[in-house]
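Open the model in your viewer and keep the selection panel handy. We will go from one selection to the next and say what is there.

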There are 2 protein chains.
Amino acid sequence: MRGVVKLCKVMPDGRQQIVGLQFAPDFVGRPFVRESMLSAQAATDAEICVFPRDLLDRMISETPKLQRSLLDQALKELDAAREWMLTLGRHTAEEKVASLLHLIATHAEPQTATTTSFDLPLSRAEIADFLGLTIETVSRQLTKLRKSGVIRIENFRHIIVPDMDELERMISA
Amino acid sequence: MRGVVKLCKVMPDGRQQIVGLQFAPDFVGRPFVRESMLSAQAATDAEICVFPRDLLDRMISETPKLQRSLLDQALKELDAAREWMLTLGRHTAEEKVASLLHLIATHAEPQTATTTSFDLPLSRAEIADFLGLTIETVSRQLTKLRKSGVIRIENFRHIIVPDMDELERMISA
DNA sequence: CGGAGCATTGACTTGTTTCAACCATAGTGG
DNA sequence: CCACTATGGTTGAAACAAGTCAATGCTCCG
């Protein structure tokens with residue numbers, strides 16, 4: 001209902017990858033399945049509406065409409081995941097960081113005109129885990145974007161994008 | 001029904017990423033949606049069973065069982081996509097190549113004991129696009145795996161894995 | 001004040017890419 | 001039948017982007 005939830009995968013040796021962010025009205029969880037190889041953590045303060053599993057399973061089985069919207073959500077997430085695969089596989093560090101800022105800007109609060117500002121829901125370490133980079137590289141790319149005037153940074157977490165088109169041009173995808 | 005289909009995304013500047021491989025009885029396509037930002041190409045000779053879109057849409061709407069299996073397939077693909085995000089983001093080149101071999105080995109023909117052999121459905125260039133690497137790096141990692149005895153290569157495309165456990169150990173995830 | 005936690009910056013190293021040469025195979029046409 | 005080209009793959013050397021290691025800065029908070 002409010003806040004951001006991150007979906008994580010970890011390797012035995014400790015390397016970690018965030019494989020998805022869930023925003024405001026998204027549904028988190030996997031009906032019909034006992035467990036998955038995924039952990040979900042709140043990235044910010046969040047209000048979550050929880051359903052008991054068997055009740056939910058039953059409701060889904062009985063109402064085709066619900067099942068349909070669940071399918072839609074799954075397909076939306078699938079598209080997002082594949083979009084992100086392109087980012088992880090074929091973007092440079094700079095493009096990756098720009099992509100993340102764009103993702104958050106478009107999914108967070110409603111926008112006003114071309115100028116946008118928002119709070120990062122993630123720490124540098126979490127950003128690194130999302131982008132497949134190190135915190136140092138994330139930090140460097142952020143200052144690079146700042147120095148080139150694409151973004152402004154206030155208090156580490158608050159980002160101001162004077163010109164969204166400029167940011168989108170950094171991604172070019 | 002037979003063969004391998006690859007799902008591709010391309011960037012305006014030509015960089016390309018393969019975001020999924022579909023094997024034998026998988027369903028390819030997106031019901032209810034006119035178009036998606038994805039192209040599907042046969043990677044090998046393939047036999048495909050095609051349904052007319054409106055017929056399929058209608059059938060799905062009317063049979064909850066079909067809708068359910070479609071949901072299952074979507075969730076399966078979502079898991080696979082996220083698994084691959086971990087590979088793209090946090091694995092080294094060597095681990096990536098090993099992961100691909102493992103993926104193909106486990107999805108291709110049924111297996112015999114620990115020794116496995118199969119034909120690569122992808123060219124070096126396609127492998128590179130799947131793993132987010134260059135063809136040169138792919139080639140180098142393959143020879144590295146060959147020289148270390150984890151795999152044998154016959155005629156460029158045919159791979160023999162003497163010991164599956166050994167291959168899995170290269171991935172460690 | 002002083003320590004803990006997070007972020008930034010710098011110097012250096014390394015893995016992967018880039019650029020280029022080369023090899024093998026198959027097909028084509030003189 | 002043999003050059004000749006096209007295609008796909010391998011290999012080497014140099015360049016570069018990102019990672020590693022280490023020092024420092026900034027805030028919050030007890």
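This is a predicted model: local features need pLDDT of at least 70, side-chain atom pairs count only at pLDDT 80 or more; totals for chains, interfaces and linings use all residues.

Residues are numbered from 1 along each chain as its sequence is written, chains are lettered from A and ligands numbered from 1 in the order in which they are written, and side-chain values use heavy atoms, with hydrogens and water left out.

**Stop 1: chains A and B**

Select chain A and chain B together. The contact takes 42 residues from chain A and 42 residues from chain B, where contact means heavy atoms within 4.5 Å. The two chains bury about 3,900 Å² between them, with 60% of it on carbon and sulfur atoms; buried area is the accessible area (1.4 Å probe) that two parts lose on being put together, summed over both. Now pick B:Arg82, B:Met85 and B:Arg90: they supply 21% of the area that chain B buries against chain A, more than any other three residues.

**Stop 2: DNA strand C**

Next, show DNA strand C and the 17 residues that surround it; a residue is near a strand if one of its heavy atoms lies within 4 Å of it. The closest are A:Arg124, A:Thr143, B:Ala93, B:Thr137 and B:Arg140. Of the atoms of DNA strand C that come within 4 Å of the protein, sugar and phosphate account for 64%.

- A:Ser139 has a side-chain N or O atom 2.9 Å from a phosphate oxygen of DNA strand C.
- B:Glu136 has a side-chain N or O atom 3.2 Å from a base nitrogen of DNA strand C.
- B:Arg140 places a polar side-chain atom 2.8 Å from a base oxygen of DNA strand C.

Colour helix H5 (135-147) of chain A and helix H5 (135-147) of chain B: these are the elements that give two or more residues to the surface near DNA strand C. Helices (H or I, at least four residues) and strands (E, at least two) are DSSP runs, numbered from the N terminus. H5(A) gives the most to this surface, with five residues.

**Stop 3: DNA strand D**

Switch to DNA strand D, which 16 residues surround; the closest are A:Ala93, A:Thr137, A:Arg140, B:Arg124 and B:Thr143. Sugar and phosphate make up 66% of the atoms of DNA strand D that come within 4 Å of the protein.

On the phosphate side, a side-chain N or O atom of B:Arg124 is 2.7 Å from a phosphate oxygen of DNA strand D, and one of B:Ser139 is 2.9 Å from a phosphate oxygen. Come back to B:Arg140 as well: a polar side-chain atom of this residue lies 2.9 Å from a base nitrogen of DNA strand D. H5(B) provides the largest share of the surface near DNA strand D, four residues.

**Stop 4: a sheet in chain B**

Finally, select S4, S5 and S6 of chain B, an open sheet of three strands in the order S4-S6-S5 with antiparallel pairing. Two strands pair if DSSP finds at least two bridges between them. Strands S4 (116-119) and S5 (152-154) are the edge strands, each pairing on one side only. S5(B) and strand S6 (residues 158-161) of chain B pair over three bridges. Zoom in on B:Arg152, which stands opposite B:Ile160 in S6(B).

Conventions:
A polar contact is a pair of N or O atoms within 3.5 Å; within protein, one must be able to donate a hydrogen and the other to accept it, and residues adjacent in sequence count only if both atoms are side-chain atoms.
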